[in-house]
Amino acid sequence: MEKKIKKAGVIGAGVMGATIAAQLANVGIETILLDIVPPKFTDDDKKKGLTEESKAFRNKLSQNGLNTSLKSKPASFYVPQNASLITVGNLEDNLGRLGEVDLIIEVVVELLKIKKIVYEKIETILKAGTIVTSNTSGIPARDLCEGRSEDFRKHFAITHFFNPPRYMKLLEIVPGPDTLPEVVELLAETCEKIIGKGIVYAKDTPNFVANRIGVYGMLHGIKTMEDMGLTVEAVDKLTGPVIGHPKSASFRTADLVGLDTLIHVADNVYDGAPDDEKREMFTAPDFIKQMIEKNLLGEKTRQGFYKKSKDSEGKKVILSLDYKTLEYTPQEKVKFASLEAAKNAPGKGEKIKTLYYADDPAGQFTFRTLTETLIYSANRIPEIADDIVNVDNAMKWGFAWKMGPFEVWDAIGLGKSVAKMKDAGYEIPRSVSEMLDSGKESFYKKEAGVSYYYDFESKDYREVPVKPGIILLPSLKDREKTVAGNTGATLIDIGDGVACLEFHAKMNSIGEDIIRMTTQAADIVTKDFQGLVIANHADNFSVGANLAMVLFTAQEEEWDDLDWSVKALQDSLMKLKYLDKPVVAAPAGMALGGGCEFCLASDRVRYAAETYMGLVEAGVGVLPAGGGCKEIFLRNTDHLFEVPRGGLYPKQIEFMPFVARAFETIAMAKVATSGPEAVKLGYLKDTDKMTVNRDYLIQDAKNTVLAMIMEGYTPRRPRDDIRVPGENTFAMIKLGLWTMHEQNFITDHDMTVSTKIAYVLCGGNVLENTVVSEQYLLDLEREAFLSLCGDPNTQARMQHMLTTGKPLRN
């Protein structure tokens, strides 16, 4: 469609409204955030010198919403500066501003009467063709647009964001009875490509897709817990990461959402779906009703299924609720043989299968709850969605499940699980029985690199839709596009003369395999390709060096081996930096330590919005030794030596402020919490560009390579003209460190590590403006890294990180 959404309005500045506005601003959409005028003028308002006519009073609710979103954790904005794209106002004074926008998102209280009043107001100023959507979590679209004008109804739909909108991928689009197809198309295109959402097309039924299935599963889990006499903490151990669900599992999720909200969503189904065969499951158990009466609602009241407290020694503890007495007690250790076996099983599917077929209480609980969820999901098609793909995506994107219900069913074995269900007396959905009777034994299958799903309506397999602009590396490998590979990385032909270097080690930590494959990939690309992308589909681009390998080698005092490993990493990254073909890194998730250094060595970076980048080596007592110190120094100081046309180098250079910035970035192990923040910290350049929806990241990176080729790519040349600040700047940094140490802001070991970092950044004990090469700085990095690895304090930090996943403060 030619029409684009450039400006938006959000009505309702509560948590969801303000954070939806924040995400719109994050992607460059100018947004007007409106709420009602406060109903009461308070004494606090009067003390601030306000009157009932003051803008500050009349816009208070929308301004408070914006302020709250600026302080939210996790952050709602990529960078705080994005809030400048949001204008606050109120529905009385600023209603007319909505006549300027292309899209209005209503996010007011979940009451049909209130929403209709809002629509009546905005329709008085609405320009023809403006799209209006509601963020309702369950009110039918047909009820929302009833009584509105024809133009309103044609341009109305539900866009159901999940909380928090920046991080949760799911957006359910529900058209009304009269919504134009092109309106749905524009919403889907904008929300997917620009705002970064994963689109699920839902039917106009209570709670749509994700909440319908997710809340059913949660409520059935509560009933099963009561039947089996399990504890709250036991259920959370069985419904968390071990089955591919978030760490918050069942009851921590309920506390985060709010028990009142959870029951409100359940009531929507009970009232709106009288023919649901499991309707009675959507009534709250008695103890839940008592919790609501006692205001035990979760995080919002600081007590729900869990409560933060202190023990007799004053240490912080988290108590769990005994739902039989509604008293809080210390959490019990959860031990089940099948749970331990599942934790040790390889892969998410095997973990779930291990629990599902076990006979102990953990296995019985998993069998009962998972069976109910699978059967319920199958029975909802085509009621809530047309196919299993939309249902699976809804649960993965909206509830952060690693696998959707039909993917799980395949993982545990469709035929085998159905036989077990029948033996236990469950009624199998007719659609599933027909599928098995026809000889089809899985919901999904792959043939020649193409994925197919079973379609209940046609009773046959259909190709899983893949939109143009999405590159799937596993599919390319299935189609024999692998060029070379080993256990740590693979080089794949992604078409048009571009190759992709994919990491696939555990956490994509950088070890010998990845380093060797990087060097080999560079040689192959030079000979056979036009350019290289470095990308993967893992949760994290790379978490950095293989810390266990580094620690083991240091403890064994195999210094030559460690020196060789670091030199090999340096050489491979220098080879990438000076490759005669363009190299574009495409990070997403964590790009830490060596992962960050891969990006620093690339010509360009096409980064996902949710990229968390940093040089974190100081946290384990070492420094970046793959060129990280060198690159951050150059990015902070190169501009000092830019020569004006016809001019000369400046006679006097003030290094200190710029070296200090580089030093703070590395010594404080600063990590960007978004791609745009990584630009601000200097890990990325202004010329590096962002992709909001990660699905399109590899294609966008490939397009960047092709554009560089079209522009006429000129390889960079190794640097031997680097001017370093030398011993004077080094002395000033050491003085600052000594002062901090004397005031107990840093430890002895912090001072040791920081001094080494400063030494490298200053170019060692040389005179100011000494000219050195890149290799000189790399040698300083490697020497400092090795010396720190021999420090017992560094080894203790590494061991602590490996054991706990957290840095140790000496």
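**Cavities and their linings**

Modeller: The largest cavity has a volume of about 70 Å³, a volume being the space filled by probe spheres set on grid points joined across faces, edges and corners. The model is predicted, with local features needing pLDDT of at least 70 and side-chain atom pairs pLDDT 80 or more, while totals for chains, interfaces and linings use all residues. Residues are numbered from 1 along each chain as its sequence is written, and side-chain values use heavy atoms, without hydrogens and water.

Colleague: Why is this space called a cavity?

Modeller: On a 1 Å grid over the protein atoms alone, a cavity is a set of points where a 1.4 Å probe fits but cannot get out. The search of the whole structure finds 2 cavities of 30 Å³ or more.

Colleague: What makes a residue part of the lining?

Modeller: A lining residue has an atom within 4 Å of a point. The largest cavity has 13 such residues, with Ala601, Gly626, Gly627, Lys630 and Glu631 nearest its centre. H24 gives the largest share, 4 residues.

Colleague: What makes the lining of the second largest cavity nonpolar or charged?

Modeller: Ala, Val, Leu, Ile, Met, Phe, Trp, Tyr, Cys and Pro count as nonpolar, Asp, Glu, Lys and Arg as charged, and the others, Gly among them, as polar. Cys629, Lys630, Phe633, Val724, Val760, Leu761, Leu777 and Glu781 form this lining, so the division is 6 nonpolar, no polar and 2 charged. Its largest share, 3 residues, comes from H26, a helix being a DSSP run (H or I) of at least four residues, numbered from the N terminus.

Conventions: 1 Å grid on protein atoms, 1.4 Å probe; cavity = no way out; pocket = protein on both sides within 12 Å on 5 of 7 lines; lining within 4 Å. Helix = DSSP H or I, 4+ residues; strand = E, 2+ residues; numbered from the N terminus.
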